Amino acid sequence: MANTILMIDDDQDFIEAVKALLEANGYTVATANNGQQGVKKAKEINPDLISLDVMMADDSEGFNVAKALHANETTRHTPVIIVSGIKKVGEFAYDYQTGEVLVPAKAFLEKPINPELFLKTVQNYIRKS
C-alpha cells in the first residue's frame, strides 16, 4: 500500500504540481486548501506525512496548524514538513531560552521547491506504513 501524504496549501497550482510529482513517485496524495480543512482531514485519514504551507488565511496559519496537529493524539507523531515562501523560518522554530519547540516540524523547505530535495526530504521523514 502506498504511503499517504496530506498537502495543506492554499495555492492550487502548487498543489497540482507537487501532487503530480508525488504520485509519479508512488505516493497517494490528499489535499486541503486551508488550515481548518487540513487539521480535520489529518484526523480523518491519519496520513504518513504532512506538507504544510505557512501563509494561507494569515501569515502564520501554518504555524498554528502545526501546533494543533502536534497537540492532537491522532496526528501527534505524523511528520510535518513546512513548505513556504517565508525565509528564515528555522530561526523561529525553537526558543533557545526556554527549550520549547515553537513549530513542531521535521523540516523547512523554501518555495519554489527543488523537486529532488523535496522528494528526498519526504523519503527521510515519512512514517512507514
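Predicted model: local features only at pLDDT ≥ 70, side-chain atom pairs only at ≥ 80, totals over all residues.
Student: How do you know what the overall layout of the protein chain is?

Tutor: The protein chain has four helices and seven strands, and along the sequence these follow the pattern β-α-β-α-β-α-β-β-β-β-α.

Student: What makes the pair D9 and K111 a salt bridge?

Tutor: The cut-off is a side-chain nitrogen of Lys or Arg within 4 Å of a carboxyl oxygen of Asp or Glu; the closest N and O atoms of D9 and K111 are 2.7 Å apart, so the pair meets that cut-off. In general, side chains of opposite charge can pair when their charged atoms come close.

Student: Which parts of the protein chain does the pair of D9 and K111 tie together?

Tutor: D9 lies in the loop between strand 1 (4–8) and helix 1 (12–24), while K111 lies in the loop between strand 7 (107–110) and helix 4 (115–125), so the pair ties together parts that are 102 residues apart in sequence.

Student: Why is D9 called buried?

Tutor: Buried means under 20% relative accessible area, and D9 has a relative accessible area of 2%, so D9 counts as buried.

Student: How do you know whether K111 is buried or exposed?

Tutor: The relative accessible area of K111 is 18%, and because the limit for buried is under 20%, K111 is classed as buried.

Student: Why is the pair D53 and K111 also called a salt bridge, and which parts does it tie together?

Tutor: The closest N and O atoms of D53 and K111 are 3.6 Å apart, which is set against the limit of within 4 Å, and so the pair qualifies. D53 lies in the loop between strand 3 (49–52) and helix 3 (61–71), and K111 in the loop between strand 7 and helix 4, so this pair ties together parts that are 58 residues apart in sequence. Both D53 and K111 are buried.

Student: What is the accessibility class of E73 and of R76, whose side chains meet in a salt bridge?

Tutor: Exposed means over 50% relative accessible area, and E73, at 61%, is therefore exposed.

Student: What makes D9, D53 and K111 one network?

Tutor: They are joined by salt bridges that share partners: K111 pairs with D9 and K111 also pairs with D53. A search of the whole structure finds three salt bridges.

Student: What else surrounds D9?

Tutor: Leaving aside residues up to four places away in sequence, D9 touches F14, I15, A32, N33, D53, M56 and K111.

Student: Which residues have the most contacts inside the largest nonpolar core?

Tutor: This core has 18 residues, and those with the most contacts inside it are L22, F118 and V122. Strand 1, helix 1, strand 4 (80–84), strand 7 and helix 4 each supply at least two of its residues, and the largest share, four residues, comes from helix 1. Apart from it lies another core, of 17 residues, among them A42, I50, L52 and I82.

Student: How much of the protein chain is buried?

Tutor: Buried residues make up 43% of the 129 residues in the protein chain, which exposes about 7,100 Å², with carbon and sulfur atoms supplying 49% of that area.

Terms used: Residues numbered from 1 in each chain as written. Heavy atoms only, no water. Buried < 20%, exposed > 50% of the residue type's maximum accessible area, 1.4 Å probe, protein only. Contact = heavy atoms within 4.5 Å. Core = buried A, V, L, I, M, F, W, Y, C linked by side-chain atoms within 4.5 Å. Areas by Shrake-Rupley, 256 points an atom, 1.4 Å probe, with all protein chains shown as cover.
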